[in-house]
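Visitor: Could we go through this structure together? I would like to take it piece by piece.

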Amino acid sequence: MQRPILELKGICKRFPGVIALNNVDLSIYSGEVLALIGENGAGKSTLMKILGGVHQADEGLIRIGGNEVQVRNVADAQFLGISLIHQELNNLDNLDIGGNIFLGREPLYGGPLKFVDRKKIIEQSKRYLQKVGLNISPSTPLAFISIAQQQLVEIAKALSTNAQIIVMDEPTSCLTLTETNQLLKLIGELKAAGVSVIYISHRLMEVQTCADRVVSLRDGKNSGQLAKEEISRESMVRLMIGRNIDLKRRETYNGNLNTRIEIRQFISPYFPNHKVTFDIRKGEILGLAGLVGAGRSELAMTIFGIVHSLGGEIVVDNNAIRIKSPKDAIQNGIYLVPEDRRKAGLLTALTVRENISLPNLWRYTSAGLISYKQELAAAEEQRKKLAIKTASCEILAKDLSGGNQQKVVLAKWLSLNPKLIIFDEPTRGVDVGSKAEIYRLMRELTDNGIFILMISSDMEEVLGVSDRIAVMREGALMGVLEAKEFSEEAVMKLATTPIEHTEFANH
Amino acid sequence: MRQKKEVGMVVIFLALFFGYALLEAFQRGFGATWQNPVFLGQANLLNLTRSIGIFGVFSVAMGIVIITGGIDLSIGAVFALLGVVLAYLLGSNWPWPLAVSVIMLVAMILGLVNGLLISKMQLQPFVVTLCGLLAYRGFARFLSSDQTAGFGDTTGYELLRQLATGEVFHIPAPFLIFVVVCIIMAFVLHVSVYGRYLFAIGRNEEASLYSGINTKLIITSAYVLCGFLVGISAILLAFYTNSISPASHGTFFELYAVAACVLGGCSLRGGEGSVLGIFIGTAMIQLLRNIVNLQGIDSSLEFVVMGCVIMVAVLFDQILGAQQRTRKSRIDMKQPNPAVLAARK
């Protein structure tokens, strides 16, 4: 057997209060696609940051082509042919595409004056952009292109450094299905060209499609690996969490057709030309599918009152309600679990207790002053109910794992009196174990008569969790699928149907 | 941990305070100091506490907007403007309650303008209040034709003058006013719903909005509240100096307030700070000014000393914080790592 191009041996890394990596080994051969899986906090990203020179290992060694190397910083990593594509894109969107590709390595002229050679940048960028199948001028500002295209720019950047090893940390978490498939195809091409790819993802379907080998981490340690023929959903889950879990959708749908929340002729300011009408039935989870940019989050934000709707109404229990601000929405029992947990869902610098009490602080006051005791009691109650894993309610929200943070966001709303909860990408960046728990919680909520609208770009989730699926495209509702019609093709067909044929389509 | 910071500040303040008392004893001899202390003498202590009181009230005002993630650079200029107007009104024989009402109203309206520009128009607090700094000072100079305005010995508003220069039980009135403001604001900021909202918005405005807080209203109100306290300070300061030269009255005072807040543990990123901290921060700065004065250090060096001390204090805090974090992270792991040894062989 050939020698691995890259070997990591006995890597240890400590952070304040945690051992992120404990004696981790990893090796990859040239032209191999290695999937690195594990729950959140298992240490995948940390390991890759060490490889990419962002962090330094406390112990352990790195070998490339059999020689021990030091990766002290990102420049070292680049020099060694390692390129890291981060979980959150680290692009500068005030620069153009070319500027990003050659960031920090700009070709210069003018000797000591060090002028940037724009011509050369444009010329060379074009070549790398073609390689990744992106036909856009390199002088396009990065802010003008989609997230998927930005991802491709990152890969072009990696190619331009002659990277032999490309690490992709959750590259598809913001991509739609078509874009994901394009990326997977590109990975195949890279592989054929002898580039090694380390692929990190929570989406096991993708891993199954593209990986030659799977290595799993759990709690900062190696928890096993799978050869290509052993890769299956069950085997991966077992390695990641040490047990089997079941993500099955409820078979019998018992939604109540008569009690429902109706969204009638609703117009969001983002898509003023489209009226959206649909209903959510009691006891069901209505999935809202579509490509990124289909206007789903915008619809959710409008319903929740972050922006003002331009028309239409929301009918709850036969009463039309007006929502001008999130405050109005909350008073009417309509809550949003936003897409970006750390930015909009939580105050990460506040404690779990303070986060849970925030939407309804007045309830925990006496004589206008906040009662710490009442606040804590409410938070503790939610912690028990939702099994939020935290040492106490006085821990800062930022120190919790993704899944537990999501539960805190949910706890905020459950301590009130919810009627409708809109989940926007409820399990983005959440590990498999916590995912199952969140699905279970959502199901429990519907059983208790709470309406749920779930926006999701994860096809597995949309098909697996929803009772019905509404599909949007460019701000318009393209149709609603009943359970018996569910299939990936059916969803994609609606999500990509040209808009002219189905203008103002309802169900 | 938040509490610890303020405890540390109190310790540093006391060390500086008694340290300097001791220094004086060494410099002048223990006997002479005991007989007739300068630093610990009644006159100096009255002066010190009076200036703490006057600077403290508007430092708390600054603290409120800093906690929301903002800043108010116009405070000093507002002092000049309000001072000129107050001198004019009282000089025109307005009854003082009416004049004070006008001043407070104007102060709060200026705050409201700042607040609306920042929350509704989404302008940056630094820019908005920088414009205020320039505009209000210029306006004050224009109104007074750049002439110094004073209250002289006119009668009819002794009570007002007493608030700035008087004493109650040998404690300067401004200091008492400051303490009352602190107690009220401590409740408002640290125990009331409104205070929690302020801190929440300072930490993350978007998430606060998503939690149903009317962020624009709260931010605007913070600037109005700031304006209210600035109005009180403006009146105290006007009578404290007794004459208002529009070009220099209150210059740099907003920066004293920022310094007090920063020393007291406020973060300019917002969402952090406490009334107790601001109290100690103000006391510290006034103590420093006092010491610089008493030591006969050239007044032009006063800002050098203060700049350095604040920098050292903030640096110290940063280093201590970093140490605390690393100490937490020292968790035993087995050394040496056998896998590494094996691989090296």
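Visitor: How many helices and strands are there in chain B?
Guide: Chain B has 15 helices and four strands. Please keep in mind that this is a predicted model.

Visitor: What box do the C-alpha atoms of chain B fill?
Guide: Taken along the principal axes, the box is roughly 95 × 65 × 35 Å.

Visitor: And how many of the residues in chain B are buried?
Guide: Chain B has 345 residues, and 43% of them are buried. As for its contacts, among those with a separation of 6 or more, 76% are between residues 24 or more positions apart.

Visitor: Within chain B, at what angle do α9 and α11 pack?
Guide: Helix α9 (residues 193-203) of chain B meets helix α11 (residues 215-241) of chain B at an angle of about 105°, and their axes are 10 Å apart. An angle of 65 to 115 degrees counts as roughly perpendicular, so α9(B) and α11(B) are roughly perpendicular to each other.

Visitor: Which residues make that contact?
Guide: From α9(B) they are B:Tyr197, B:Leu198 and B:Ile201, and from α11(B) they are B:Thr215, B:Ile218, B:Ile219 and B:Ala222. By class, six of the contact residues are nonpolar, one is polar and none is charged.

Visitor: Is B:Leu134 buried or partly exposed?
Guide: B:Leu134 belongs to helix α6 (residues 125-143) of chain B. A residue needs 20 or more other C-beta atoms within 10 Å to be buried, and 12 or fewer make it exposed. B:Leu134 has 13, so it is partly exposed.

Visitor: How far is B:Leu134 from B:Ala77?
Guide: Their C-alpha atoms are separated by 7.4 Å, while the two residues are 57 residues apart along the chain.

Visitor: Now the interface. How many residues of chain A are in contact with chain B?
Guide: On chain A there are 35 such residues, and they are in contact with 25 residues of chain B. The elements of chain A that give two or more residues to this side are β1 (6-15), β2 (18-28), β4 (59-64), α10 (326-331), α11 (341-345) and β20 (369-370). The largest share, five residues, comes from β1(A).

Visitor: How do the residues on that side divide by class?
Guide: The side of chain A that touches chain B has 21 nonpolar, eight polar and six charged residues.

Visitor: Let us turn to the six-stranded sheet in chain A. What is the strand order?
Guide: The sheet is open, with mixed pairing, and its order is β18-β21-β22-β15-β23-β24 (chain A). At the edges stand β18 (334-337) and β24 (476-481) of chain A; each has a single partner strand, so one side of each has no neighbour in the sheet. From one strand to the next the twist averages 20°.

Visitor: How do β15 and β23 of chain A run?
Guide: Strand β15 (residues 285-290) of chain A runs parallel to strand β23 (residues 468-473) of chain A, and five bridges join them. A:Ala289 stands opposite A:Val471 of β23(A).

Visitor: What about the partners of β21(A)?
Guide: β21(A) pairs with β18(A) in the parallel sense over four bridges, and A:Leu420 of β21(A) is the bridge partner of A:Ile334. β21(A) also pairs with β22(A) in the parallel sense, over five bridges. There, A:Met454 in β22(A) is the bridge partner of A:Phe423. The chain passes from β21(A) through α15(A) to β22(A) in a right-handed β-α-β crossover.

Visitor: Why is β21(A) said to be largely enclosed?
Guide: Five of its five residues are buried, so β21(A) is largely enclosed by the rest of the structure. A:Leu420, A:Ile422 and A:Asp424 cover one side, with A:Ile421 and A:Phe423 on the other, and all are buried.

Visitor: Which strands does α9(A) lie across?
Guide: Helix α9 (residues 296-304) of chain A lies across β15, β18, β21 (420-424), β22 (451-455) and β23 of chain A, and runs at about 150° to β21(A). Helix α15 (residues 432-447) of chain A also packs on the sheet, where it touches β15, β21 and β22 of chain A, and its direction makes about 145° with that of β22(A).

Visitor: How many residues of α9(A) are buried?
Guide: Eight of its nine residues are buried, so to speak a mostly covered helix. Among them are A:Leu299, A:Met301, A:Ile303 and A:Phe304. Just after α9(A), A:Gly305 takes a positive phi of about 90°.

Note on methods. Residues are numbered from 1 along each chain as its sequence is written. Chains are lettered from A and ligands numbered from 1 in the order in which they are written. This is a predicted model: local features need pLDDT of at least 70, side-chain atom pairs count only at pLDDT 80 or more; totals for chains, interfaces and linings use all residues. Two residues are in contact if their C-beta atoms, placed from the backbone, lie within 7 Å. Ala, Val, Leu, Ile, Met, Phe, Trp, Tyr, Cys and Pro count as nonpolar, Asp, Glu, Lys and Arg as charged, and the others, Gly among them, as polar. Axes are lines fitted to C-alpha atoms, for helices over the stretch in contact, and angles run from 0 to 180 degrees between N-to-C directions. Angles under 35 degrees count as roughly parallel, over 145 as roughly antiparallel, 65 to 115 as roughly perpendicular and the rest as oblique. Two strands pair if DSSP finds at least two bridges between them. A crossover is right-handed if, with the strands pointing away from the viewer, the path from the first strand over the helix to the second runs clockwise.
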